[in-house]
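This briefing goes through one protein model by topic. Please keep the sequence and the 3D view open while reading.

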Amino acid sequence: MKKIELLAPAGDLERLKTAVRYGADAVYVGGKQFSLRSRASNFDLEDIQKGVEFAKKHGANVHVTVNMLPHEDDLDGLKEYLIALEQAGVTAIIAASPAIIKCAKTYAPKLEVHVSTQHSITNSAAANFWEQQGADRIVLARELTMEQIKQTQMHTKLPIEVFIHGGMCISYSGRCMLSNHMTMRDANRGGCAQSCRWKYRLYKDNTPIHDEQDLFSMSSKDLMAARMIPYLIDANVASLKIEGRMKSTYYIATLVHTYRMLIDEYYENGRILDKRMEWYCMELAKAENRPTGPGFYLGAPKAKDHLYGVNGAGVTGEFIAYVLDYDEKTKLATWEVRNRFQKGDEAEILAPHKEVRSFIINDIFDENRLLIDVANQPMRIVKVHTDVPMEQHAMIRKKMEKDRFDIY
């Protein structure tokens, strides 16, 4: 049985490299053309080529989102763009428009075509329709239960991709007109203003029923499906997708590292003990900026799975430094500062393909090799004395207590 794919997002080349280093089997990126998420950094063709070369060296693939719903004047250059992606070595495109799918099959046949979640594929009949159109994979709608995913998989030959983590939409599979109606920013052409996360005043008979401290929003909790991973593997799902091309490098590293370890442990042992699953859920929570829930996996979301009056919160995991080097002889680690820390802080090392390790921050030296008590200037280079070896590209975060996290 082919091992399930872990598919991670990347908003730029740095985040692509991070996702691959930390264990992603494939990374999906947005190009400068024909892609949603206009606020993501997005890749030009040169960066896509560089990303493909880096990924291939590490045994990973690159998928490119060509998932906008184009209007008549959006199609210029599509044929040439798809040919360029094929020539760059891109493995697949993620597409929503039948016009784009047909164009790819005609002019860039080496590209796999993955049908976007925007098509709201919720059953095997729809999956089989797209197989007849030449699709190589379908991305299921996020509004399916675990049992519905299993039934769909059993009755189609197409590989199935499902979302396991990230933001949810109040509308079916992202088919939302709210942003367009309120701001003239089209969610299906890359401009979603996330109007659902705004705070609203509610009225009854022209009388406000909320005070200014308790305004209403209609947002969902983010999806966190760690507990579903064993079931998805057993159901022969082909790919597990993390949402978040606009998320930070630290967020990508934390999620990919955690899901990679979870997947590998299940394949190795055939089960995940309750204590281990709790640890995995805790790890994922360290990168979150909103509460999470199971989405639709366990059935229709309940009231507790929505966020009322909450737009977002501060990041719970404090990423304090990026490891540039470690000298075994001197026991000095070279760090790039990201957030404030000081001598005596208890910290953790997040490194590719390794268990998280804890240690106490010892002596800190500035660029002039002078001792300092506090490092609080972002991007400053410092050296930290520690007997705990750490790898280049590892990330250092402050250790956080369990009671800081709300895990379902």
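**Briefing on the predicted model**

Valine 64 is part of strand S3, which covers residues 61-66. The model is a predicted one.

**Valine 64 and its surroundings**

- With a relative accessible area of 0%, valine 64 is buried, because the cut-off for buried is under 20%.
- Beyond its neighbours within four places in sequence, valine 64 is in contact with Val29, Gly31, Ile48, Tyr81, Leu85, Val90, Ala92, Ile93 and Ile94.
- Valine 237 lies 173 residues from valine 64 in sequence, and the two C-alpha atoms are 20 Å apart in space.

- Val29, one of the contacts of valine 64, belongs to strand S2 (residues 26-30), of which 5 of 5 residues are buried.
- In a regular strand, side chains alternate between the two faces of the sheet.
- Both faces of S2 are covered, with Ala26, Tyr28 and Gly30 buried on one side and Val27 and Val29 buried on the other.
- Strand S1 (residues 5-9) pairs with S2 in the parallel sense, over 3 bridges.
- Within this pairing, alanine 8 has valine 27 of S2 as its bridge partner.

**Nonpolar cores**

- In soluble globular proteins, nonpolar side chains tend to be buried together.
- The largest nonpolar core here has 90 residues, and Ile164, Leu232 and Tyr259 touch the most other members.
- Helix H9 (residues 249-269) supplies the largest share of this core, 11 residues.
- A separate core of 21 residues lies apart from it and includes Val323, Phe359, Val382 and Val384.
- Leucine 232, neighbours within four places in sequence left aside, is in contact with Ile4, Met146, Ile149, Val162, Ile164, Val237, Leu240 and Tyr297.

**Methionine 224**

- Methionine 224 sits in strand S11, residues 222-224.
- The relative accessible area of methionine 224 is 2%, so this residue counts as buried.
- Its contacts beyond four places in sequence are Ile164, His165, Tyr259, Cys281, Leu284, Thr292, Gly293, Pro294 and Tyr408.
- Two of these contacts, Ile164 and Tyr259, are also among the residues that touch the most other members of the largest core.
- Serine 171 is 53 residues from methionine 224 along the chain, with 18 Å between their C-alpha atoms.

**Helix pairs**

- H9 packs against helix H10 (residues 274-285) at an angle of about 165°, and the axes are 9 Å apart.
- H9 is therefore roughly antiparallel to H10, since an angle over 145 degrees counts as such.
- The H9 and H10 crossing is left-handed.
- On the H9 side the contact is made by Thr254, Leu255, Thr258, Tyr259, Met261, Leu262 and Glu265, and on the H10 side by Arg276, Met277, Trp279, Tyr280, Glu283 and Leu284.
- Helix H1 (residues 13-21) packs with helix H2 (residues 45-57) at an angle of about 15°, their axes being 10 Å apart.
- H1 is therefore roughly parallel to H2, since an angle under 35 degrees counts as such.
- The crossing of H1 with H2 is right-handed.
- Leu13, Leu16, Lys17, Val20 and Arg21 of H1 meet Asp47, Lys50, Gly51, Phe54 and Ala55 of H2.

**The open sheet of 8 strands**

- The strands of this open sheet follow the order S19-S18-S24-S15-S16-S23-S20-S21, and their pairing is antiparallel.
- Strands S19 (357-360) and S21 (371-372) are at the edges, each pairing on one side only.
- Strand S18 (residues 346-350) is mostly covered, with 4 of its 5 residues buried.
- S18 runs antiparallel to S19 and is joined to it by 4 bridges; alanine 347 has phenylalanine 359 in S19 as its bridge partner.
- A hairpin is formed by S18 and S19 with 6 residues between them, and histidine 353 in the turn has a positive phi of about 60°.
- S18 is also joined by 4 bridges to strand S24 (residues 395-398), again antiparallel; here glutamate 348 has arginine 397 as its bridge partner.
- Strand S15 (residues 319-327) and strand S16 (residues 332-337) run antiparallel, joined by 6 bridges.
- Opposite tyrosine 322 stands glutamate 336 in S16.

Methods:
Residues numbered from 1 in each chain as written. Predicted model: local features only at pLDDT ≥ 70, side-chain atom pairs only at ≥ 80, totals over all residues. Heavy atoms only, no water. Core = buried A, V, L, I, M, F, W, Y, C linked by side-chain atoms within 4.5 Å. Buried < 20%, exposed > 50% of the residue type's maximum accessible area, 1.4 Å probe, protein only. Helix = DSSP H or I, 4+ residues; strand = E, 2+ residues; numbered from the N terminus. Contact = heavy atoms within 4.5 Å. Pairing = 2+ DSSP bridges. Axes fitted to C-alpha atoms, helices over the stretch in contact; angles between N-to-C directions. Parallel < 35°, antiparallel > 145°, perpendicular 65-115°, else oblique. Left-handed = near helix turned anticlockwise from the far one by under 90°.
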